[in-house]
Amino acid sequence: MHGEYKVPGGKLVVVDLDVEQGALRNVRVAGDFFLEPDEAILAINSALEGAPSSTDTAGLAARITAGLPESTVMLGLTAEGVGIAVRRALARATEWSDYDWQLVHTEPQAPALHMALDEVLTAEVAAGRRAPTLRVWEWASPAVIIGSFQSLRNEVDPEGATKHGVSVVRRISGGGAMFVEPLSTITYSLSVPESLVSGLSFADSYAYLDDWVLGALGDMGIKAWYQPLNDIATDAGKIAGAAQKRIVGADGGPGAVLHHVTMSYDIDADKMLEVLRISKEKLSDKGTKKRVDPLRRQTGLAREQVIENMIASFRNRYGLTTGEVTAEEMTRAEELVRTKFGTEEWTARVP
């Protein structure tokens, strides 16, 4: 069995192993990390040898930590990262490079249609009828997108929304409200097979699926990092937030994961505060006001150029074929707008 895991902010960990009578055997850990002393790698292998194959990530990490020489120094590597690579091997997880990725980047769409397309395309990936897909959104109008479980009245000021011509839609994923304007926001979705995140905890999957965009930002000179649970940040402040939804496959089989991210290219903070009802608790983090620092200021690049750079970075890493939403997928999405995402019943399902 073979498993790989890139430690967030660190290096790639590769594990090859066998399972015999419910225990790990012939464990071999490798990667492009740095580790001292040399014999520490043998200690890691020995610590994992014979471990029950049911051992969770924390248990595997504890075995590794206990077995390491006192002088061990890890750079780009963690005991937990090795444990995750083991769990991914045992789960027979797939890797980014195992797939022929498809890019969908079309004309601007209405906010409710974006919500529907997320659901339809991810369901198609779960059914095996669509390749894993990177969809870059273009917005036809300003909107507030509230999380699946948020209260409509607590999140949105209806007078402010009407004043600024902002529509309100509810997405299928959890998380917080997003205020978007067509030229001030960069939004994308990843619709991926569940096997890509096998062996990862829910929280770890956020970091794993955000890793490529951290690299893309780095290519543009922005040092960014994943900030648990679902933010992407720089020294200057937050630049993006992510949300996820798991979609079950047919007959309860392997499904797919929707991971979508909204990035702030520019921001009209005054308008946002008139539309969103942001509590004092949300505005503070241990007494410090959270800042959103747009990509426009940090990169000096046009929004279109930032998007092109992101797409090119993904293509260089994993390959990317230009695709489209099929006529059948669009028909299903439009029906979902009519019956779900465009209805008051759905938008106000948590009043």
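Modeller: A salt bridge is a side-chain nitrogen of Lys or Arg within 4 Å of a carboxyl oxygen of Asp or Glu. The model here is predicted, and glutamate 138 and arginine 303 meet that criterion, with N and O 3.0 Å apart.

Colleague: Are glutamate 138 and arginine 303 buried or exposed?

Modeller: Buried means under 20% relative accessible area. Glutamate 138 has 14% and is therefore buried; arginine 303, at 5%, is buried as well.

Colleague: Which residue forms a salt bridge with lysine 6?

Modeller: The partner of lysine 6 is aspartate 211, with the closest N and O atoms 3.4 Å apart. Lysine 6 lies in strand E1 (residues 2-6) and aspartate 211 in helix H7 (residues 202-219), so parts 205 residues apart in sequence are tied together. Lysine 6 is partly exposed at 31% relative accessibility, whereas aspartate 211 is buried at 18%.

Colleague: What is the N to O distance between arginine 129 and glutamate 124?

Modeller: Their side chains form a salt bridge at 2.8 Å. Arginine 129 is exposed, with a relative accessible area of 58%, but glutamate 124 is buried at 6%.

Colleague: Which residues do salt bridges with shared partners join into one network?

Modeller: Glu124, Arg129 and Arg332 are joined in that way.

Colleague: Now a single residue. Where is aspartate 118 found, and is aspartate 118 buried or exposed?

Modeller: Helix H4 (residues 111-127) contains aspartate 118. The relative accessible area of aspartate 118 is 3%, and the residue is buried.

Colleague: Leaving aside neighbours within four places in sequence, which residues is aspartate 118 in contact with?

Modeller: With those neighbours set aside, aspartate 118 is in contact with Arg135, Trp137, Ser189, Leu258 and His260. Take serine 189 as a case: 71 residues separate serine 189 from aspartate 118 in sequence, yet the C-alpha atoms are 7.3 Å apart in space.

Technical notes:
Residues are numbered from 1 along each chain as its sequence is written. This is a predicted model: local features need pLDDT of at least 70, side-chain atom pairs count only at pLDDT 80 or more; totals for chains, interfaces and linings use all residues. Side-chain values use heavy atoms; hydrogens and water are left out. Helices (H or I, at least four residues) and strands (E, at least two) are DSSP runs, numbered from the N terminus. Buried means under 20% relative accessible area, exposed over 50%, partly exposed in between (1.4 Å probe, protein chains only). Contact means heavy atoms within 4.5 Å.
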